[in-house]
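Please keep the sequence and the structure in view while reading.

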Amino acid sequence: MNIKPLNAALLAAGLAAGGVATALIAPQWLKSDPAQHQATSANALAATGTNEATAQQLQSPQIAPVPYLNAGGAPDFRAIVKQAGPAVVGVTVEGMRHASREEQGMPEAFSDPQSPFSQFFRGQPGQRGREQGGQPFRGQGSGFIISSDGLILTNAHVVNDAKEVTIKLSDRREFSAKVLGLDKATDIAVLRIEGKDLPTVRLGDPRQLEVGDPVLAIGAPFGLEQTATQGIVSAKGRSLPNDAVVPFIQTDAAVNPGNSGGPLFDGSGGVIGINSQIYSQSGGYQGLSFAIPINVALKVKDQIVATGSAQHAKLGVAVQDLNQSLADSFGMARPDGALIAQVSPNSAAAKAGLKPGDVVTEVDGEPVVRSGALSSLIGLSAPGDKVKLKIWRDQAPQTLDIVLGGAEAEAKVASTAAAPQGRLGLALRPLSKEESRAVGGAAGLLIEDADGPAARAGVNAGDVLLAINGRPAQSSEQVRDVLAKSGNMVALLIQRGDNKIFVPVKLG
């Protein structure tokens, strides 16, 4: 399985084997009305110290919602395309990258000059040879104008490493664009072109979306400009592997490489998302598309416009989902919440007293049903923000106040953690009482980090090592003794959640 960003290079964002997209609960700020964002952004930007000229960039003429065709609620897609299409742009980039085609996930068939698909990729980022050295590239994505003086939103992966960015409007005018900033955590980039009275989109409201609602995508799949496709909302609040910050909107609107950064419209013509990723085993559309909610994009945009970058808070924990067995062991009625498996030393969580075995059930009053919700709620906050966590500890609810840390602080914390060592490449420590209870009273060693042979075999940080070659693993000394007598292969008995699995590891 693969989750892929949607630029023409088929940039890969791998979905780990066994990964499951889980539901999130939208954070409180997501419930604000983005339809009012254009009218209020001048005040918001002024509060961040942005000058008046910058604040005026979002004061575009009011755009009326497109009425539905009939009382049955059928959207007028023709009218939406006519109204919003002129504000959807093509984004062409040129630059230098240091990655091979394989690293970017481009299928072998598309690189074959005889392939019927090769014309779509010729000269684009994936079609630049197998060399590992720096190679020039050209690529194409989509975007849309949100202010009449030229502010544009697109995906970060579309313009990453670009030296030149060209914007092409539907009337064939072209502009050179400046990248004001990009945020890889949310895959949002903000561009500016010099222009006046440019067409703009109307911003919609994702909080009004329901599963089954109609949606429309406009973009440039495979470089085919101003292509419109329609579908429905398939799910809300999807959490994808390696994208813990964004609660994605899942749709079945057909989007393909080149749609990256293009808008996703609701039935009244308001932008409610930015098309970003697809699930694909082939590199093309297979019925599952994922869009970044416009609320997330606007929050990141405000930071980029004000400071040139975006920051995300860190809690400093490793979490996992609860199941009914774990919930029963903790005395909880339902398996709702994020179970803390590990707390990084000197992190915001450690300073506030959060412990392994705690279950986070709310953040500032917002319920946490699955572990992914905690990552999103925290990641969309800013370093230094104060949050109130409701937790379940010792079979009773408690409340903790936490001042969140930032990426720089977490990087320092990570550098103090034990490094993976030895022939296995594991950093091990004994389980605490809380951690042992969390895994059903298992006796073993917590894997704090995995590298080398163990990581290649699929062992992850947060797993519990129960045995090695049939011998109990209750201390690092026991593990070293077994390794000293082993050949080139060992069998590790691992507990991951409720599951116990044997993992064969070929030693270095």
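The following paragraphs describe the predicted model, from the whole chain to single residues.

**The chain as a whole**

The chain has 508 residues, and 51% of them count as buried. Its secondary structure consists of 14 helices and 28 strands.

**Confidence of the prediction**

The average pLDDT of the chain is 78, and 76% of the residues score at least 70. Two stretches call for caution. Over residues 7–32 the pLDDT stays under 50, although the model has 90 contacts beyond four places in sequence for this stretch. Over residues 39–59 the pLDDT is likewise below 50, with 28 contacts beyond near neighbours in sequence. Where pLDDT is low, predicted coordinates should not be read in detail.

**The barrel and strand E5**

Six strands close into a barrel, in the order E4-E5-E6-E9-E8-E7, with antiparallel pairing. On average, neighbouring strands of this sheet are turned by 40° against each other, direction ignored.

Strand E5, which spans residues 135–145, is mostly covered, since eight of its eleven residues are buried. In the barrel order, E5 stands between E4 and E6. Strand E4 (residues 88–97) runs antiparallel to E5 and is joined to it by ten bridges. On this side, serine 142 in E5 has glycine 90 opposite it.

With strand E6 (residues 151–154), E5 pairs over two bridges, again in the antiparallel sense. Here phenylalanine 144 stands opposite leucine 153 in E6, and isoleucine 145 has isoleucine 152 of E6 as its bridge partner. E5 and E6 form a hairpin with five residues between them. In its turn, glycine 150 has a positive phi of about 110°.

Helix H7 (residues 294–307) lies across E5, E6, E8 and strand E9 (188–192), and it runs at about 55° to E9.

Which residues have a positive phi although they are not glycines? Arginine 172 is one of them, and asparagine 346 is another. The table sets out their backbone angles and their places in the chain.

| Residue | Phi | Loop between | Relative accessible area |
|---|---|---|---|
| Arginine 172 | about 75° | strand E7 (162–168) and strand E8 (174–183) | 68% |
| Asparagine 346 | about 65° | strand E18 (338–343) and helix H9 (348–352) | 55% |

Arginine 172 counts as exposed because its relative accessible area, 68%, is over 50%. Asparagine 346 is also exposed, because its value of 55% is over 50% as well. The loop that holds arginine 172 lies between E7 and E8, and both of these strands belong to the barrel.

**The aromatic pair**

The structure holds one aromatic pair. Phenylalanine 248 and phenylalanine 290 form this pair, with 6.2 Å from centre to centre and 75° between the planes. The arrangement is edge-to-face because the angle of 75° between the planes is over 60 degrees. The pair links distant parts of the chain: phenylalanine 248 belongs to strand E13 (residues 243–251) and phenylalanine 290 to strand E16 (residues 289–293), 42 residues apart. Are the two residues buried or exposed? Both phenylalanine 248 and phenylalanine 290 are buried.

Isoleucine 447 is found in strand E24 (residues 445–450). Beyond residues up to four places away in sequence, isoleucine 447 touches several others, including Leu426, Ala427, Leu428, Val459, Leu465 and Ile494. Asp463 is also among the residues that it touches. The C-alpha atoms of isoleucine 447 and aspartate 463 are separated by 5.5 Å, while the two residues are 16 residues apart along the chain.

Methods
Residues numbered from 1 in each chain as written. Predicted model: local features only at pLDDT ≥ 70, side-chain atom pairs only at ≥ 80, totals over all residues. Heavy atoms only, no water. Phe/Tyr/Trp six-rings, centres within 6.5 Å; stacked < 30°, edge-to-face > 60°. Helix = DSSP H or I, 4+ residues; strand = E, 2+ residues; numbered from the N terminus. Buried < 20%, exposed > 50% of the residue type's maximum accessible area, 1.4 Å probe, protein only. Pairing = 2+ DSSP bridges. pLDDT = per-residue confidence, 0-100. Contact = heavy atoms within 4.5 Å. Axes fitted to C-alpha atoms, helices over the stretch in contact; angles between N-to-C directions.
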